[in-house]
Amino acid sequence: MPAHSSDAAASSTEVLESLPASEGAPARRDRSRRGARRTDWRLGGRSVRRWREWVLAAALAGLGVGVLAATAVTVLWPSAAATAVASGLLWLGMLAPVVFAFTRSRPVGLVRFRPVDLLFGVTLGAMLRLVQGRLESVGGDPAFPQFTRIGGQLPDGWLFSDVVAPVLVAPTVEEFFFRGVILVALYTVLRRPCGAVIAGVAAVLFSSGLFVLVHGLVGDLALDQVVSVGLLGLVCGALVILTGRIWGAVLTHITFNAVWVALAAVGTALS
C-alpha cells in the first residue's frame, strides 16, 4: 500500500476518535438510552411490559371465579365452616392472578420496603379506623364490636378466622391483588395513551370501586361500611401510586383490621 494511503487512513481514524461524544456516537447513545433499566415501574419499561391486558384479564377472571365459588359455598352449604371455606376460595381466586403476574415479571420497586412505609401504614390505618368508628357511632352501633360466639363460647378455630385471617392473610392477599395487580396493570395500559396523571387516577378509582364491590358481594355492607371500605381502598391505592411501593398499602390495611380485632377482643371480654 502506498505510504500516502496509510497516512490518510491514520489521519481519518484520529479525526473520528477526536470527535466529541455528541458528534461521534449519537446512535450509540440513543441505543444506550433506550436500553437503560428504569428504576420505577411507574415509568414503564421491561418490568411492566408484560403487565398489561393479559394480566388484567387474568386478574378479573380469577376474581370472578373466586366470587362465584364463594357465593356457591355459602348458598349451597349451610354449615358453620361455610364462611371460612368461602373466604379461602375467594382468596385463592385473587392469589392465582398474583402468582401469574409475578411469574411473568416483577415491577421494579413495587415490593421495595422503606421504613416510612411502616409510618404510613400505622398512621393512616389508625386514622381510617377512627373515621369508621365515628361513622358507626352516628349510625347507632355499639362502641365495641364483638367476636361471634356460639352458645356463649367462641367457636373452634376462632383464633385463625377472627384474628390471623383478618389481620395477616386478607390484607396481604387483597392488597397484592387490588393495589398490586389490578392497579399496576391498569395504570400500565393507560399510561401512554392517557398520561400518567389520568392513568393513576383511573387505576386508583377502578381498583377501589372493585374492592368495595367485592366486599359488598360476599357480605352485607351497611352504608357506613361502604364508605369506610371505599376510603381504605382510595388511601391504599393513592399510597401505591404516589410511592411506587406496595407495603405502605399492606400495612395500612393490616392496621385498619388489627384495630378492629383489638376492639372486638375488648368488647367480647366486657360482655
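How far apart are the end C-alpha atoms of helix α7 (residues 158–194)? The structure is a predicted model, in which local features need pLDDT of at least 70 and side-chain atom pairs count only at pLDDT 80 or more, while totals for chains, interfaces and linings use all residues. Residues are numbered from 1 along each chain as its sequence is written, and side-chain values use heavy atoms, leaving out hydrogens and water.

Helices here are DSSP runs (H or I, at least four residues), numbered from the N terminus. The ends of α7, a helix of 37 residues, are only 47 Å apart, whereas a straight helix would reach 54 Å; that expected span is 1.5 Å times one less than the number of residues. A look along α7 finds a kink of about 65° at A165, shortly before the proline P166. The bend is the angle between axes fitted to the seven residues ending at a residue and the seven starting there. After α7 comes G195, with a positive phi near 95°.

P166 turns up again among the contacts (heavy atoms within 4.5 Å) of N257, which also touches R129 and P171, leaving aside neighbours within four places in sequence. N257 sits in helix α10 (residues 247–270) and is buried, at 14% relative accessible area; buried means under 20%, with a 1.4 Å probe and protein chains only.

Terms used:
Helices (H or I, at least four residues) and strands (E, at least two) are DSSP runs, numbered from the N terminus. Buried means under 20% relative accessible area, exposed over 50%, partly exposed in between (1.4 Å probe, protein chains only).
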